[in-house]
Amino acid sequence: MAIKLEDKKAIVAEVNEAAQSALSAVVADARGVTSNAMTGLRKQAREAGVYVRVVRNTLARRAVEGTSYECLSDSFKGPTLIAFSQEHAGAAARIFKEFAKGNDKFEIKAAAFDGQFLSANQIDVLASLPTYDEAIAQLMSVMQGATSKFVRTLAAVRDQKEAAA
């Protein structure tokens, strides 16, 4: 089915807008995945703040021109499903990785983060990034460990000086 020029321009503008504000992007091939499964994937993505769109390759190439996701242009071959993480950099990668475990026909092609191209086998790097809350919790546990060790050291020095006196 042919798409009118105005519709193509609108698609390119919409995807470009999503790319401009995105923290990361993931490209996948969803050929052979049932529509019910895709609906579930889209619902998960929406809840996680991820923009997902099936885009024609030429339109996708034009949409990412001039963005930090231009490095993905070579991976736009065959049916292309592109996802842009809007709130958390690892959200799209994490959702796609989990979805691929349950769907053999779903294939992750590539990803990009901060202008860097990541091949499909490097997707774990992006998917393992902690969320904001997880990062704060990790930071707090490190700070708590350091401060408690400092307090124990001060208490040991105090006890040692009291024993010497």
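Here are some numbered notes to read alongside the structure.

1. First, a word on what you are looking at: this is a predicted model, so every value below is computed from predicted atoms.

2. Start with the secondary structure. The chain has 6 helices and 5 strands.

3. Now look at the overall outline. How does the radius of gyration of the chain compare with that of a compact globule of 165 residues? The chain has 23 Å, whereas such a globule would be near 15 Å. The box filled by the C-alpha atoms, taken along the principal axes, is roughly 90 × 35 × 25 Å.

4. Next, the contacts. As for burial, 36% of the 165 residues count as buried.

5. The surface and the charges come next. The accessible surface is about 10200 Å², and carbon and sulfur atoms account for 55% of that area. The chain carries 21 positive and 19 negative side chains, with the centres of the two sets 4 Å apart.

6. Let us go inside. The largest nonpolar core is made of 23 residues, and Val26, Leu41, Val50, Leu81, Phe96 and Phe106 have the most contacts within this core. At least two core residues come from each of β1 (24-29), α2 (35-47), β2 (50-55), β3 (80-85), α4 (91-102) and β4 (107-113). Which element gives the largest share? That is α4, with 6 residues.

7. Setting aside neighbours within four places in sequence, Leu41 is in contact with Leu81, Ile95, Phe96, Phe99 and Phe106. There is also a second, separate core of 21 residues, which includes Val15, Ile82, Ala110 and Ala112.

8. Finally, visit Arg62, which lies in helix α3 (residues 57-64). Is Arg62 buried or exposed? Arg62 counts as exposed because its relative accessibility is 56%, and the cut-off for exposed is over 50%. Arg62 and Ala2 are 60 residues apart along the chain, and their C-alpha atoms are separated by 18 Å.

Methods. Residues are numbered from 1 along each chain as its sequence is written. This is a predicted model: local features need pLDDT of at least 70, side-chain atom pairs count only at pLDDT 80 or more; totals for chains, interfaces and linings use all residues. Side-chain values use heavy atoms; hydrogens and water are left out. Helices (H or I, at least four residues) and strands (E, at least two) are DSSP runs, numbered from the N terminus. The radius of gyration is taken over C-alpha atoms; the globule rule is 2.2 Å times the number of residues to the power 0.38. Buried means under 20% relative accessible area, exposed over 50%, partly exposed in between (1.4 Å probe, protein chains only). Accessible areas come from the Shrake-Rupley method with a 1.4 Å probe; for residues, only the protein chains shown count as cover. Lys and Arg count as positive and Asp and Glu as negative; His and the chain ends are not counted. The place of a charge is taken as NZ of Lys, CZ of Arg, CG of Asp or CD of Glu. A nonpolar core is a set of buried Ala, Val, Leu, Ile, Met, Phe, Trp, Tyr and Cys residues joined through side-chain atoms within 4.5 Å. Contact means heavy atoms within 4.5 Å.
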